[in-house]
Amino acid sequence: MQLITADPRSLKDNPDRSRQSKSSPQSDALLCASIRAIGVVQPPIVKLDPEGGNSYVIVFGHRRAAQAIAADLSEIPLLLADPSDDLGAMQSFAENIAREPLNPVDQWRAIERLVALGWTEESIAMALALPSRQIRKLRLLANILPAMLDQMARGDMPNEQQLRTIAAAGQDEQAEVWKKYKPKKQDPQVSWWEVARALTTTRLLAKHASFGDDLAQAYGITWVEDLFAPADEDSRYTTDVEAFLGAQQEWLANNLPKRGSVIEANEYGQAKLPAKAQQVYGKPGKGDLTGWYINARDGSVQSVAYRMPEVKKPKLVKDADDVETVIEEVEAPKARPDVTQKGLDMIGDFRTDALHEALARAPIEDDTLMALLILAFTGTNVTVASGASDNPYGQAKCAPHAARLIGEDGRLSFDRETLVQAARSVLIEVLSLRRNRSDSGLIARIAGDAVGADQFLPNMATEEFLSCLSRTALEATAETAGVPGRIKVKDTRAALVEHFVERKLVHPAALLAPSAEDVRSWVGRYTSVDSELEDSHDDPNTVEDRLSGGDLVDHSPAEEAADEGFREAAE
């Protein structure tokens with residue numbers, strides 16, 4: 001090669017270059033900035049124009065020449081190559097890949113050019129350090145419609161699964177689909193998933209075939225390798241669905257095991273069991289049967305175990321002359337239940353309304369009210385994340401405590417001491433301040449402050465807890481306790497531990513009482529309900545209705561008489 005200089009504007013582009021599509025604007029801007037700063041480091045390779053004259057044709061370096069023009073360079077260094085070099089195609093391909101990756105369409109075009117020059121797929125893969133499978137995969141783009149290839153070369157690429165589906169379809173099918181889904185002026189992007197969906201054909205995989213090569217040849221099945229599938233699995237497939245299913249049926253008929261029968265499958269690929277048959281999900285028993293069927297969705301042979309109900313033996317009855325008569329037992333028709341499911345739903349609504357009305361208006365003693373609150377936590381519609389156990393995903397177990405309040409007659413029956421113990425146990429199950437899903441939040445701190453839980457806090461002057469404090473917090477704690485600070489943090493911790501051997505240290509952050517501002521903010525969320533209750537002091541029934549969450553209604557004379565009866569009973 002000979003080193004020369006020339007104006008980059010006088011160079012001609014090679015019409016047979018590898019990169020047909022435009023490179024990214026970011027890479028072009030980066031290359032232009034580099035050339036403007038330090039010039040062209042690696043000269044482009046050119047050759048004499050085969051049509052004659054003193055002009056040069058670019059072999060490698062189209063982007064460098066273009067960006068040199070953009071950088072306003074009047075001359076750049078060039079390497080004049082021998083035009084008879086047979087490795088030009090491979091050199092151009094390899095150099096473009098090394099500088100900026102080509103899109104798949106340009107890679108395929110370069111590979112096809114190399115194949116036309118006599119290169120094999122294996123030699124191309126070896127020269128480019130690419131897997132042979134990748135070369136074969138790119139060559140599948142030869143099956144793509146040219147109009148689709150032009151769209152892909154603009155950077156609008158489908159994903160690998162969509163590309164595989166499109167490449168598997170014929171050119172005529174692709175052309176018909178492309179007419180419908182090709183880009184419009186108002187929408188230049190192609191909806192490739194719609195294109196792939198329109199070209200999707202049923203594929204039956206060879207790995208689902210139970211038959212061998214002999215039946216495959218007999219039914220004329222030709223396997224096609226799916227080059228887009230993972231390399232470590234059998235990716236052969238066929239689109240001849242009828243031939244595949246026919247071969248599977250013949251194999252199944254010739255290999256049906258004992259106590260096995262051929263059954264049908266529904267459109268969802270599930271087996272259709274015989275009438276009154278029950279499917280066996282565990283280990284089949286000695287008298288169970290096996291049904292074999294072909295899953296129409298993937299063509300695989302599958303089996304299902306089932307058992308048939310026992311056949312009742314006919315009953316023989318002898319008359320006076322010892323003549324036996326066969327009597328067939330006839331199952332009695334099922335009687336209609338006293339209340340239908342809809343009726344039970346209505347009863348549930350009636351009971352709920354009556355319960356809510358009684359809770360809002362009927363007189364309830366204090367002990368009974370406390371017992372009812374305990375029972376409410378054991379309802380099947382109540383789930384409480386409990387902090388009473390070490391399991392952070394545990395739930396409150398209030399039922400054992402509530403069961404102590406039920407008498408032998410199935411009604412509430414308890415003494416005062418039992419009620420108090422049950423209430424304490426339920427509160428322990430429900431209230432929690434652990435830093436996980438069982439945290440009850442602010443209300444648990446209010447409750448803890450009300451019962452004086454601070455006095456039950458343990459001594460926090462331990463190495464384990466003090467190591468969780470920052471240096472500033474540790475020194476502040478030591479100063480409050482009257483312990484002189486040390487130069488090393490570990491010495492300060494040791495001094496605090498020794499100081500509180502016979503005393504108890506409670507860090508201020510561990511105290512249960514919340515700040516008054518936090519409590520006022522929490523209470524403020526519900527002041528609107530209190531203001532409504534204050535405005536409704538004329539009618540006590542209105543207050544009760546709002547407390548119960550009901551609408552404002554006028555009570556009938558009968559309801560007012562019932563309320564009077566409730567008040568008399570309470571007195």
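Student: Of the 571 residues of the protein chain, what percentage count as buried?

Tutor: Happy to start there! This is a predicted model, where local features need pLDDT of at least 70, side-chain atom pairs count only at pLDDT 80 or more, and totals for chains, interfaces and linings use all residues. Residues are numbered from 1 along each chain as its sequence is written, and side-chain values use heavy atoms, with hydrogens and water left out. Taking buried as under 20% relative accessible area (1.4 Å probe, protein chains only), the share is 31%.

Student: What is the strand order in the open sheet of four strands?

Tutor: Strands here are DSSP runs (E, at least two residues), numbered from the N terminus, and two of them pair if DSSP finds at least two bridges between them. The edge strands, β8 (260-262) and β9 (278-279), each pair on one side only. With mixed pairing, the order is β8-β10-β11-β9.

Student: How far apart are the end C-alpha atoms of α12?

Tutor: The expected span is 1.5 Å times one less than the number of residues. For the 14 residues of α12 that gives 20 Å, which agrees with the separation in the model: 20 Å.

Notes
Buried < 20%, exposed > 50% of the residue type's maximum accessible area, 1.4 Å probe, protein only.
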